[in-house]
Amino acid sequence: MTSPAAQQFIERVNDRSLVVGIIGLGYVGIPLALATLRQGFRVVGFDIDASRVDDINAGRSAIKHIPMEPIAQAVAADRFVATADFDRLGEPDALLIAVPTPLTRHREPDLSYVVRTTEAIGRRLRRGQLVVLESTTYPGTTDEVMRPILEQASGLKCGEDFFLAFSPEREDPGNPDFGTSTIPKVVGGDGSDALAMAMALYGALVVKTVPVSSTATAEAVKLTENIFRSVNIALVNELKTVYSAMGIDIWEVIEAAKTKPFGFMPFYPGPGLGGHCVPIDPFYLTWKAREYDVATRFIELAGEINTRMPYLVVDRLATLLDLHGRKNLSDASILILGLAYKKNVEDTRESPSLKLIELIEKRGARTAFHDPHVPVLPPTREHAMLAGRRSVPVDPASLAAFDAVLIATDHDDVDYAAIVAGSKLVVDTRNVCARAGIKAENVFKA
Ligand SMILES: NC(=O)c1ccc[n+]([C@@H]2O[C@H](COP(=O)([O-])OP(=O)(O)OC[C@H]3O[C@@H](n4cnc5c(N)ncnc54)[C@H](O)[C@@H]3O)[C@@H](O)[C@H]2O)c1
């Protein structure tokens with residue numbers, strides 16, 4: 001039996017009078033706002049970045065691949081507003097949190113964004129509100145970190161006065177097949193009321209909801225998904241190194257292996273792991289596991305192998321330059337093709353391309369980059385000194401000035417045939433030239 005407060009919440013979901021607050025308007029928060037608006041709810045978006053708030057209210061694109069027109073229409077219709085005024089946190093009935101969860105410099109969970117958001121909510125919490133964390137984190141965060149802050153700051157009791165849940169975000173930016181509303185959502189509640197309320201809300205927003213028994217289980221689901229990716233990518237990266245030494249093409253192996261209709265799922269090698277999730281999230285579990293005296297050796301090993309990849313790529317580049325370009329890497333000029341961590345997005349967080357630039361320059365070579373999605377490199381935590389560098393145009397004249405082109409990201413809107421035709425040497429870490437049907441003597445896989 002749900003409580004009267006939970007029943008009232010669910011009725012307001014059903015009649016669409018419920019107001020939804022979204023905290024953190026980034027790669028996750030904006031698509032979530034769009035999905036919520038699409039289903040007829042009013043949305044208040046919160047962000048500490050005032051310029052981002054202004055951009056969003058003006059319908060200007062904060063993130064390239066996300067269409068802002070529906071946001072602009074919703075702002076005009078008074079159904080959406082973005083704000084940096086956290087005193088408005090009392091307005092929404094549900095508060096969905098999508099703030100960053102990075103690692104500290106010592107590679108430990110940095111929950112400062114979650115904690116600050118929770119404190120801000122706690123000071124304004126009112127009876128009947130549902131608070132849901134969507135940020136990726138270790139099992140126990142919602143229960144052990146958020147719940148005490150909310151209860152202490154508000155003097156209200158979780159499960160009676162307000163409700164708390166965790167529902168991991170599975171957004172895959174740039175994925176043409178799946179978006180926020182077509183990806184099933186896992187939901188864990190702190191108590192049966194919180195679960196029922198969160199299930200009702202997400203049930204209205206996404207294609208399918210999957211209840212689990214606790215917030216910690218829901219937190220573990222998300223980590224499991226990303227650890228699965230990290231370990232499998234490490235496995236194919238290791239296999240690439242072995243097969244390459246044997247003269248066997250890993251991509252050909254994977255294409256053939258994936259014809260098996262069961263028991264095999266293709267993962268692809270690359271120059272290293274990138275993005276805000278897969279290189280980072282597994283270490284949230286590693287950190288938490290220490291509290292239980294449990295080692296996470298698979299996770300550590302996968303991290304080790306994936307971290308090694310850019311070094312191996314640069315070694316291979318040096319060898320190929322030596323053999324086919326008659327050039328030392330230290331005297332060479334290298335064009336990095338693709339700066340984003342994956343294709344067709346502009347996100348450069350944790351991108352292996354940045355590490356490649358760093359390693360290549362450390363060996364004395366000059367670098368430039370071309371990326372149709374990244375005209376100017378934004379500041380990143382690990383590579384602050386690269387910020388402000390600009391994408392160079394590629395044409396036959398400019399390509400001729402480079403000793404090698406290193407393909408690090410396989411964006412669709414690049415003319416690979418023209419790149420190959422105009423370059424002395426092409427080192428392809430994504431197998432994109434072969435996939436584009438290009439056969440040329442100056443192309444080598446890495
Ligand atoms: N990007 C993805 O593909 C993806 C996919 C699934 C899950 N996630 C997870 O979702 C969470 C958010 O990731 P993202 O990629 O959207 O991050 P992001 O950096 O794109 O967006 C986060 C936003 O939160 C804002 N912010 C920071 N502190 C705040 C605070 N105290 N109050 C309000 N706003 C604040 C930032 O200004 C920024 O606009 C992370 O935990 C991430 O691991 C991300």
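Predicted model: local features only at pLDDT ≥ 70, side-chain atom pairs only at ≥ 80, totals over all residues.
Domain bounds, as I use them in these entries, come from an automatic or database domain assignment.

**Ligand shell**

I first asked which domains contribute to the shell around the ligand, and I found that at least three residues come from each of domain 1 (4-213) and domain 2 (248-445). The shell holds 26 residues, and those that come nearest to the ligand are Y27, V28, D47, T101 and T136. When I sorted the shell by residue class, I noted 12 nonpolar residues, together with 7 polar and 7 charged ones.

On the backbone side, a polar atom of Y27 is 3.0 Å from an oxygen atom of the ligand, and a backbone N or O atom of V99 lies 3.5 Å from a ligand oxygen atom. On the side-chain side, I recorded R349, which has a polar side-chain atom 3.1 Å from an oxygen atom of the ligand. How much of the ligand's area does the protein bury? The ligand taken alone exposes 830 Å², and 92% of that is buried by the protein.

**Second largest pocket**

My next entry concerns the second largest pocket, for which I noted a space of about 290 Å³. Its lining counts 15 residues, and K240, S244, R316, K445 and A446 are those that lie nearest the centre of this pocket. Looking for the elements that give two or more residues to this lining, I found helix 8 (215-245), helix 9 (250-257) and helix 11 (297-325). By class, I counted 8 nonpolar, 3 polar and 4 charged residues in the lining of this pocket.

**Cavities**

How many cavities of 30 Å³ or more does a search of the whole structure find? The search returned 2 of them, and I went through each in turn.

As I had noted for the ligand shell, the lining of the largest cavity draws at least three residues from each of domain 1 (4-213) and domain 2 (248-445).

For the second largest cavity I wrote down a volume of about 40 Å³. P168, E169, R170, T180, I183, P184 and K185 line this second cavity, and by class I have 3 nonpolar, 1 polar and 3 charged residues there.

Note on methods. Residues numbered from 1 in each chain as written. Heavy atoms only, no water. Near = heavy atom within 4 Å. Polar contact = N/O pair within 3.5 Å; in protein donor to acceptor, adjacent residues only side chain to side chain. Areas by Shrake-Rupley, 256 points an atom, 1.4 Å probe, with all protein chains shown as cover. Nonpolar A, V, L, I, M, F, W, Y, C, P; charged D, E, K, R; others polar. 1 Å grid on protein atoms, 1.4 Å probe; cavity = no way out; pocket = protein on both sides within 12 Å on 5 of 7 lines; lining within 4 Å. Points joined across faces, edges and corners; volume = space filled by probe spheres on them. Helix = DSSP H or I, 4+ residues; strand = E, 2+ residues; numbered from the N terminus.
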